[in-house]
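Please consult the sequence and the structure while reading.

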Amino acid sequence: MAQFWKPGAERPRLIDDEEGGVLFYASSSSTSSGIGYSSIEKQRQRLPVFNYRTAILYLVETHSTTIIVGETGSGKTTQIPQYLKEAGWAEGGRVIACTQPRRLAVQAVASRVAEEMGVKLGDEVGYTIRFEDLTDQNVTRIKFLTDGVLLREMMDDPLLTKYSVIMVDEAHERSLSTDILLGLLKKIQRRRPELRLIISSATIEAKLMSDFFCISKRRKGKGAEEHGPRPEPAILSVQGRGFNVQIHYLEEPVSDYLQASVSTVMLIHDQEPMGDILVFLTGQDDIEAAAQLLTEEVQNQKKKSSRLIVLPLYSGLPRAEQDLVFSPTPRGQRKVIISTNIAETSLTLEGIVYVVDSGFSKQRFYNPISDIENLVVAPISKASAKQRTGRAGRVRPGKCYRLYTEEYFLKEMPAEGIPEMQRSNLVSCVIQLKSLGIDNILGFDWPASPAPEAMVRALEVLYALGILDDDAKLTSPTGFQIAEIPLDPMISKMILSANQLGCSEEIITIAGILSVQSIWVSIRGAQKELDEARLRFAAAEGDLVTYLNVYKGFLQSGKSSQWCHKNCINYQAMKKVIEIREQLRRISHRLGIVLKSCDRDTEVLRKAITAGIFANACRLETFSQTGMYKTIRTSQEVYIHPSSVLFRVNPKWVVFHSLVSTDRQYMRNVTAIDPSWLLEAAPHFYQHQTANYVAY
Ligand code: ADP
Ligand code: MG
């Protein structure tokens, strides 16, 4: 409410006051549909990068690596690939690649560029994300893809020969895959001097990237500089025009940032002139909760109800809803978009004048000591806060409402985030590098070195999974097969074990379901219906077996959306599961796996599950009345998540697929097991604790 704000303390401030950044602005406000060719052309020319078109093309021509820094919305992602194509970089069957850390950004940007070029998405301009390939090998010239997908492509084509230019976009995010990719691209560059790299981002520490890619010393003295591109990176900074953004802080800290963001939106809606609002929350759950609260508030507040359109934005949002977010706000109405940090820099939303910044985002954290990785709601950095603020100043002067105090911002908020590499479980990363023939992983040239403890843990698990041998090389065939499957190695291992145990039909269904965010629809206030629906499918063996019941029901209903609706099941997610399953079926076929069903023999099924996720085994503490479990390996306290069908059932031994942490560590996707299966699945891993198990 109003008392959050410092009374009379509306000190207008440029955001570069204390944070050392400059706010850029692109003068056009573009709308997306029904525009003729010349109009799109004009819009393109109004973007700040347009002034640098010649400079960019010159630098790319003459340098192996070009680093481009420019404020969000200046046109880096949508324009630079088009400039490159116009300049001939896609001739002779070559392809221009542009990577993004986020799937949703890949889709949105690709469809925007296809629209600008007046071509069908999937033809000249296409995109690839995991389990979704909208490209045509013979026709696609500009390809957007996640950095993870580009890493996978290296398994078939280690030098990425079809690409003439690779633009690693959003490099400041320092996602795990981006960092691995940067390290590998540096190696590729040495073998393919004709390849050009563009590293682009909103805020990058250009110097750090430049130092990383500087290979001039190695080349010196051979006269190589005279021909071909110069090895030292070029740095280009795109300047734009900025609008002031006033920053408001809270007078006192709040405990409930969700409620505070809802009140703040209502405050803006009541008191501020027209202009769209962008709210930064952390994930699908709190975004949907806030959207619902806002919708209720608006309904209660009759007078302006028709003028506030509430829209969520998070990855996994169906296409139709994504399009709403990007479509222009109807006259006389106000849009409020409630988003994860995807709208921080990856996507440009037009018409935003007000930003509400909760000060939090969901971040991955891994602790190698406890061997626990989870997604936690954690404070953002100053760099992020500044980016969020900047989103308010694109069309005219804006306002940013920070749901934290100025003192907190100045004294406690960290300046920069930590690269994901240094806060992730490295199992997938290690297997990826190994499969590309990089054996000395600790000696790999990383943009930021991973923690040695995390590396040791990863090697240990991979060894136990039978993916690495005593010399830390990929085993044949298991290791190589697992590297081929585009899933978490533990799930891939499940599939291979299922092949031996005769339940691969079921396990690929489970793998498909674990690859989508959630198959349940959760509607605030309708928890009871959801719980009842879950009970209808519940299996005593746990959540993964429950999923098989859901899948079976879905098939029996003739894949009916009504059936899904009736059972609180997300129809879109189920359709996706069918698609992913189909791809996994094809991959299995390629690996020589003949799919077989175990006909509901849940014991073999659970053995296959255990063979994949044995490292996540837990035992119920017998003295505990609260359902406390401890992980076998590191004795961490964990609990079954209330959304699990085993919540309150508390079987003695379980394995889980993932953890979420709120007030406690909660296990999700839990399966009841027999402890002897752990020894079968990973004798070395659990051997020394055998005595304990037997005694128990
Ligand atoms: P950058 O990568 O520098 O942040 P972009 O290339 O993503 O900038 O965006 C440049 C401009 O293109 C934006 O200012 C916006 O007007 C327009 N734009 C980008 N994506 C979309 C979209 N999905 N719908 C409509 N306009 C878009
Ligand atoms: Mg961009």
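The sections below cover charged pairs, a helix packing, individual residues and backbone features.

The model is predicted.

## Salt bridges

The structure contains 36 salt bridges. Three of these pairs are listed here.

| Glu173 | Arg102 | 2.8 Å |

In the pair of Glu173 and Arg102, the closest N and O atoms are 2.8 Å apart. Arg102, with a relative accessible area of 18%, is buried, because the cut-off for a buried residue is under 20%.

Since Glu272 sits in the loop between α10 (257-271) and β10 (276-280) and Lys399 in strand β16 (residues 398-405), the pair ties together parts that are 127 residues apart in sequence. Both Glu272 and Lys399 are buried.

Glu115 is partly exposed, its relative accessible area being 33%. Arg112 and Glu115 also belong to a network of salt bridges that links them with Glu41, Arg44, Arg53, Glu86 and Glu116.

Is Asp543, which has no salt bridge, buried or exposed? Asp543 is buried, and the nearest side chain of opposite charge, that of Arg534, is 6.2 Å away. Side chains of opposite charge can pair when their charged atoms come close. The cut-off for a salt bridge is a nitrogen to oxygen distance within 4 Å. Asp543 lies in helix α22. Apart from neighbours within four places in sequence, its contacts are Ser643, Ser644, Val645, Asn669 and Val670.

## Packing of α22 against α24

Two packed helices are described by the angle between their axes and the distance between the axes. Helix α22 (residues 543-556) packs with helix α24 (residues 571-590) at an angle of about 95°, and the axes are 12 Å apart. The two helices are therefore roughly perpendicular to each other. On the α22 side, the contact is made by Val550, Tyr551, Phe554 and Leu555; on the α24 side, Tyr571, Met574, Val577, Ile578 and Arg581 take part. By class, this contact has eight nonpolar residues, no polar residues and one charged residue.

## Two residues and their surroundings

Ile287 is located in helix α11 (residues 284-300). Its relative accessibility is 0%, so Ile287 counts as buried. Leaving aside neighbours within four places in sequence, Ile287 is in contact with Leu281, Pro312, Leu313, Tyr314, Ile338, Ser339 and Thr340. Ile287 and Ser201 are 86 residues apart along the chain, and their C-alpha atoms are separated by 26 Å.

Leu595 occupies the loop between α24 and α25 (602-613). With neighbours within four places in sequence again left aside, Leu595 is in contact with Ser504, Glu505, Ile508, Arg585 and Ser588. From Leu595 to Ile96 the C-alpha distance is 38 Å, and the two residues are 499 residues apart in sequence.

## Backbone features

Which residues does a cis peptide bond join? Ser476 and Pro477 are joined by such a bond, with an omega of about 5°. Pro477 is in the loop between α17 (452-464) and α18 (478-484).

Glu170 is not a glycine, yet has a positive phi of about 60°. This residue lies in the loop between β6 and α7. Glu170 is buried, having a relative accessible area of 3%.

Cys568, likewise not a glycine, has a positive phi of about 55°. Cys568 is found in the loop between α23 (561-566) and α24. With a relative accessible area of 16%, Cys568 is buried.

Technical notes:
Residues are numbered from 1 along each chain as its sequence is written. Chains are lettered from A and ligands numbered from 1 in the order in which they are written. This is a predicted model: local features need pLDDT of at least 70, side-chain atom pairs count only at pLDDT 80 or more; totals for chains, interfaces and linings use all residues. Side-chain values use heavy atoms; hydrogens and water are left out. Axes are lines fitted to C-alpha atoms, for helices over the stretch in contact, and angles run from 0 to 180 degrees between N-to-C directions. Helices (H or I, at least four residues) and strands (E, at least two) are DSSP runs, numbered from the N terminus. Angles under 35 degrees count as roughly parallel, over 145 as roughly antiparallel, 65 to 115 as roughly perpendicular and the rest as oblique. Contact means heavy atoms within 4.5 Å. Ala, Val, Leu, Ile, Met, Phe, Trp, Tyr, Cys and Pro count as nonpolar, Asp, Glu, Lys and Arg as charged, and the others, Gly among them, as polar. Buried means under 20% relative accessible area, exposed over 50%, partly exposed in between (1.4 Å probe, protein chains only). Lys and Arg count as positive and Asp and Glu as negative; His and the chain ends are not counted.
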